[in-house]
Amino acid sequence: MRNTTDLPTPGVTLTLPLHAPFRLDVTVWALRRQPANGIDHWDGTTYRRKIVINDHLVDVAISQRNRRGRIDLKVALASSTALTQADQQQILFQVRRLLGLDVHLGAFYRSAGKDPLLGSLIRPFVGLRPPRYATLFEAMVNAVACQQISLAAGLALLNRFSNRFGRGIGCGRAFPQPHDVYENATLQKLRELGFSLAKSRALLHLTGTIVLGTLDEESLERLDNRQAIDRLTTLPGIGRWSAEYVLLRGLGRLSVFPGDDVGARNQLARWLNIESVRGYAGVARLLRRWHPHEGLIYFHLLLWRLHREGWLDVRKTEIRAALARAPA
C-alpha cells in the first residue's frame with residue numbers, strides 16, 4: 001500500500017457552473033452526517049477530501065461562489081504528481097457524484113410547493129443536492145461499520161479504518177482503496193480497530209467480492225430496487241438496512257428510505273408530530289404519499305436533526321444565495 005506523506009505540490013483550479021438552487025453547506029453536511037467524519041472535511045466555507053484517481057492521491061478543496069446571479073464551484077486540486085486532463089475530468093466526475101450535482105430536483109420542489117407539510121421540511125434547506133459515496137465499496141463499508149451501533153461509534157470505526165488503510169497526503173487520509181484493504185487487512189487487524197468479529201469477517205468478504213469482480217456497481221445498476229436488495233443481502237453481514245442504505249447513498253436511488261434506520265424513523269415521527277412510527281411497514285405507509293421522493297425526505301430529516309443540534313445554519317441569506325440564477 002502506498003503511503004504518501006509529502007505535502008502536495010501546487011495544482012490546478014477548475015470551475016463547475018451549476019443550476020440553481022444549490023447550497024454546498026447543506027449538501028456536504030448530508031454527506032458528512034456528523035462533525036467527527038474524518039474523510040469529508042468542512043470548515044464553514046470549504047469542503048475538502050482526499051481522492052485517489054489512477055493511482056494519484058489528490059487533495060480536493062471545493063468552495064461555492066455566488067456572484068452576478070451565478071452559482072459555481074471552485075475546485076482546487078493539489079497532488080504530489082502531475083495530473084493529466086483525463087485525471088482532472090475523472091476527479092470532476094467524482095465530485096459531481098459526491099455532491100449530487102447532476103440530480104435535478106424540479107419535480108420534488110414542485111411537490112413541496114403544493115404540500116405545506118413537505119414544504120415545511122424542505123424550505124430551510126433549499127439547495128440540498130442528494131450526495132453519494134464515491135464508490136460502491138465506500139458505501140458498503142460505511143453500511144457495515146454503522147450497523148446496530150450509534151452513528152458516532154460507526155464514524156469512529158470508519159476513521160480508524162481510514163487511518164490504517166487509507167493513503168495519506170499532507171494532513172488527512174483518503175478513504176481506503178479496495179486493493180489496499182485486500183492486500184493489507186486481516187481479521188486480527190480489523191478486530192484491533194474495534195470491529196466486531198462478524199463485521200470484520202463481513203468486511204474481508206466484501207473486499208474480496210469487489211476486488212475479484214464478483215460484485216460491481218455496473219451489475220447492481222441494472223437491477224431494480226427489489227432485485228438489488230436481494231443481491232446485496234446474499235452477502236455475509238448485509239441485511240435489509242445495509243442494502244437499502246447502499247441503494248440510497250451508494251447508487252443514488254432516491255425512492256429508498258432505509259426503514260430500519262431507528263434514528264431516521266424517530267426524526268420522521270417528530271416531523272409528522274406523532275408519538276412513534278410502527279416499524280418498517282409503518283415507515284413505508286407514512287411515506288407512500290410522497291413517492292418517489294422518500295430518499296430525499298431521509299436526507300432532509302438528517303439536515304433537520306443537524307440544525308436542531310446546532311451544526312447547520314438556516315439563515316435566509318444562505319437560502320437566497322442558493323436561489324441565485326445559474327448561468328444558462
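Modeller: A residue is called buried when its relative accessible area is under 20%, exposed when it is over 50%, and partly exposed in between, with a 1.4 Å probe and protein chains only. This is a predicted model, in which local features need pLDDT of at least 70 and side-chain atom pairs count only at pLDDT 80 or more, while totals for chains, interfaces and linings use all residues. Residues are numbered from 1 along each chain as its sequence is written, and side-chain values use heavy atoms, with hydrogens and water left out.

Strands here are DSSP runs of E with at least two residues, helices are runs of H or I with at least four, and both are numbered from the N terminus. S3 covers residues 46-53, S4 covers residues 56-67, and S5 covers residues 70-79.

Ile-51 lies in S3. Its relative accessibility is 2%, so Ile-51 counts as buried. A contact means heavy atoms within 4.5 Å. Apart from neighbours within four places in sequence, Ile-51 is in contact with His-56, Leu-57, Val-58, Val-60, Gln-94, Leu-98 and Ala-174. Leu-77 stands 26 residues away from Ile-51 in sequence, and the two C-alpha atoms are 9.8 Å apart in space.

Between S3 and S4 there is a loop, and Asp-55 is found in it. Phi of Asp-55 is near 70°, which is positive although the residue is not glycine. Most residues other than glycine have a negative phi. Asp-55 has a relative accessible area of 38%, so the residue is partly exposed.

Asp-59 belongs to S4. With a relative accessible area of 7%, Asp-59 is buried. Which residue does the side chain of Asp-59 reach in a polar contact? The partner is the side chain of Arg-48, at 2.5 Å. A polar contact is a pair of N or O atoms within 3.5 Å; within protein, one must be able to donate a hydrogen and the other to accept it, and residues adjacent in sequence count only if both atoms are side-chain atoms. Not counting residues up to four places away in sequence, Asp-59 touches Arg-48, Arg-49, Lys-50, Ala-76, Leu-77 and Ala-78.

In S5 the residue to look at is Ser-79. At 4% relative accessibility, Ser-79 counts as buried. A polar atom of the Ser-79 side chain lies 3.2 Å from the backbone oxygen of Leu-57. The side chain of Ser-79 also reaches the backbone oxygen of Thr-81, at 3.1 Å.

H1 itself (residues 24-32) is mostly covered, with nine of its nine residues buried. After H1 comes Arg-33, with a positive phi near 80°.

Another cis peptide bond runs from His-291 to Pro-292, with omega near 10°. Pro-292 sits in the loop between helix H14 (279-287) and helix H15 (294-308).

Leu-118 is part of helix H4 (residues 116-122) and is buried, with a relative accessible area of 1%. Its contacts beyond four places in sequence are Phe-108, Ser-111, Ala-112, Trp-271, Trp-290 and Ile-297. Although Ser-80 is 38 residues from Leu-118 along the chain, their C-alpha atoms are separated by 47 Å.

Gln-148 is a further residue with positive phi, near 55°, and its place is the loop between helix H5 (136-145) and helix H6 (151-165). Its relative accessible area is 83%, so Gln-148 is exposed.

Along the principal axes the C-alpha trace spans about 55 × 50 × 35 Å. Of the 328 residues, 54% are buried. Among contacts with a separation of 6 or more, 68% are between residues 24 or more positions apart.
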